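Hi,

Here is the structure I said I would pass on.

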Amino acid sequence: MASMIERIKVMLGAEPQKPAVISPEAREWHAMKRMNKDDFLAQKEHMREHQIVSHKWRNRRWAVLLFCNLLFTFSFWLDIQILEGALTASRFIGFHLVDLNSALQVALAHKHIIVNLVIGTLTIFFLWVLLGGRSFCSWVCPYHLVAEWFEWLHLKLVDRKIVTDHQFHRGARTLFWLLFSGMALVTGYTVFETLSPTGILSRALIYGPSLALGWVFLLLVFEVFYSRRAWCRYVCPIGLTYGMVGTLSPVRILYRLEHCFHEGDCKKVCLVPHVLDMVVKGRAEHTEVPVGPDCTRCGLCVDVCPSGALQFDVKGLSKML
Amino acid sequence: MSDAPDRDRDGDGGEELKPPPGAQRPKVPVRKEAARRRFIRSTALACGVVGLSLAGWIPTARAYKPRLRPPGALEEKDFLASCIKCGQCVQVCPVQAIKLGDIDEGFGIGVPYIAARDQACDFSCDAVQCILACPTGALTYRKPDFAEVRDGMQMAHDPVLKAKANDPEPTLNLKERIGVARLARPEICLAVLGQGFKGQARGAAFKGTLRYMSVDRWKPVPVREQPYDRAVCDLCVTECPIQDAIRLEEFVGPDGATRHRPVVLEQCVGCGVCEMICPVEPAAIVIDERQEWEGV
């Protein structure tokens, strides 16, 4: 429990701390890796040589993301009525689904909730508890996909030393969550929706292009030239809302110390590298450490890890099998 | 990642970061400086994003685009607060009358409206399905008790739909109007001028559709496919989907001849069909959006 509170603090913006207590088994592994350095290096090289470059999870994820968003589009265009509405609120063959953050904004601004809204919100809440909380971000949010593509461009420019990544304080997102909630409550308008690239892109995909896409483009330009993945990392309150749901979720990435060569490739590809602090040499407090709730379960680290130290895991289920 | 490598690209020269000549610069102050910059940057980001999002208030407060909202909409302030911007109302409308606001409408982004001149709500759905589709109650059959009710917005009785006049239940489940029609330009109204109308009401290029009971009760058809031939133009009256909402009144013109003019009645719900069908350009009759009935 204590470690979950620690992980929530990290999600809200705190720097990850070195664990106070390291279990004897983990300590043994840490010591072993220190002692047989040559052996360890040789194994590492061996792993490197035999690494199979895989984009399995990324490809699956992109396919799911496109499928979800295009299901909205085609439900409307072809009038097949499977998934009607947009990401903010919809009906899946008649059942209400309401995005948690949009529901929060409406509830705070309007100060009145009707039954359908409660049903839709609860459905989505339980769905994402089951599916991993911020997995909404990487597996469904259309802005995430577009931002990923532009991130590639950003990294290319960083490589050529044309741009640098300017980081912000991660606590900014927590502040934004509070500010947007507060503004909805005080002004009586769903202020965040004005800027939300998730809502804008989702609607544009379904109802056609809008001027608002210009704003989304500006955001992407900002991310390419100034700060890597700035919206998702430092601003978007939707991510934090689903992150909180993720604290309850059994679906997570599991880190296994014994398979790790501490090369740090996972942190380089990660949207939220602070959740991967345990991959630093000597940091893992147990032989198996679950990745915190801020993780979007995107699987990029799973794909990139040459030795399979990071794996998808369903709490409880793996033990049963 | 450290901020150290970019200190000279920040534009402020990074003067204070340069170590004094010949001295090894201690590590801590650099890190402190980086943290300070990150803090300033983060504050700027917070102010920027909050400022931009609140800029959405300007077009809303100035009513830069007064919009006709779909039937059953709460009062404008409540409507903007409660609408979740999903467009489910857009999807169920059989005549695609409902559009969504863009970012130039500020807080009105993603909020549905009806541009009546292009495509009015003709109640082809019979049941006001946009209300049925709304997940948040922003469009509602019955306003909750706390919601604001303005005098003159409530209908004297449920409007009777002409198309359903012979059904056991001929009324629309609609308690409030969304606006009121007004003969804004009597000087160009064909009836007032004593003229008839022949041809396509809005020309060959017009994309709007309307339910014509004589063609198909369940399938609205393009207006351009239904040419008219009227001795006295009365399209706004005959095409009005609501009973007793508008009628043609005779009067004697300045030249002593009998003329006609459309008179809007209390049962007008503000659907905008009259504005859409009006064959003159610009429309002689328009909807005053969210306007209460003030009596005659």
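I call a residue buried if 20 or more other C-beta atoms lie within 10 Å of its own. On that count, buried residues make up 44% of the 321 residues in chain A. Bear in mind that this is a predicted model; the predictor gives the complex an ipTM of 0.90 and a pTM of 0.90.

Chain A, to start with. It has 17 helices and six strands. Its radius of gyration is 21 Å, close to the 20 Å from the globule rule for 321 residues, so chain A is as compact as a globular protein of that length. The C-alpha trace of chain A spans about 60 × 45 × 40 Å along its principal axes. If you take the contacts in chain A between residues at least 6 apart in sequence, 74% of them join residues at least 24 apart.

Helix 5 (residues 100–110) of chain A and helix 14 (residues 237–246) of chain A have axes that come within 8 Å and cross at roughly 110°. Angles of 65 to 115 degrees count as roughly perpendicular, and the two helices are therefore roughly perpendicular to each other. On the helix 5 side the contact uses Leu100(A), Asn101(A) and Leu104(A), which meet Pro237(A), Ile238(A), Thr241(A), Tyr242(A) and Val245(A) of helix 14. By type, the residues of this contact are six nonpolar, two polar and no charged.

Now the interface. Chain A puts 47 residues into the contact and chain B puts in 41. On the chain A side, helix 10 (residues 191–195) gives the most, with five residues. That side of chain A divides into 24 nonpolar, 18 polar and five charged residues.

Chain B has a mean pLDDT of 89, with 90% of its residues at 70 or more. The part to watch is residues 1–16 of chain B, where pLDDT stays under 50 and the model has 14 contacts beyond four places in sequence. Where pLDDT is low, the predicted coordinates should not be read in detail.

Thr171(B) is found in the loop between helix 5 (129–133) and strand 3 (179–183) of chain B. Beyond its neighbours within four places in sequence, Thr171(B) is in contact with Asp158(B), Pro159(B) and Val160(B). Pro112(B) is 59 residues from Thr171(B) in sequence and 24 Å from it in space, C-alpha to C-alpha.

Cheers

How values were computed:
Residues are numbered from 1 along each chain as its sequence is written. Chains are lettered from A and ligands numbered from 1 in the order in which they are written. This is a predicted model: local features need pLDDT of at least 70, side-chain atom pairs count only at pLDDT 80 or more; totals for chains, interfaces and linings use all residues. Axes are lines fitted to C-alpha atoms, for helices over the stretch in contact, and angles run from 0 to 180 degrees between N-to-C directions. Helices (H or I, at least four residues) and strands (E, at least two) are DSSP runs, numbered from the N terminus. Angles under 35 degrees count as roughly parallel, over 145 as roughly antiparallel, 65 to 115 as roughly perpendicular and the rest as oblique. Two residues are in contact if their C-beta atoms, placed from the backbone, lie within 7 Å. Ala, Val, Leu, Ile, Met, Phe, Trp, Tyr, Cys and Pro count as nonpolar, Asp, Glu, Lys and Arg as charged, and the others, Gly among them, as polar. pLDDT is the predictor's confidence in each residue, from 0 to 100. The radius of gyration is taken over C-alpha atoms; the globule rule is 2.2 Å times the number of residues to the power 0.38. A residue is buried if 20 or more other C-beta atoms lie within 10 Å of its own, exposed if 12 or fewer, and partly exposed in between; C-beta atoms are placed from the backbone.
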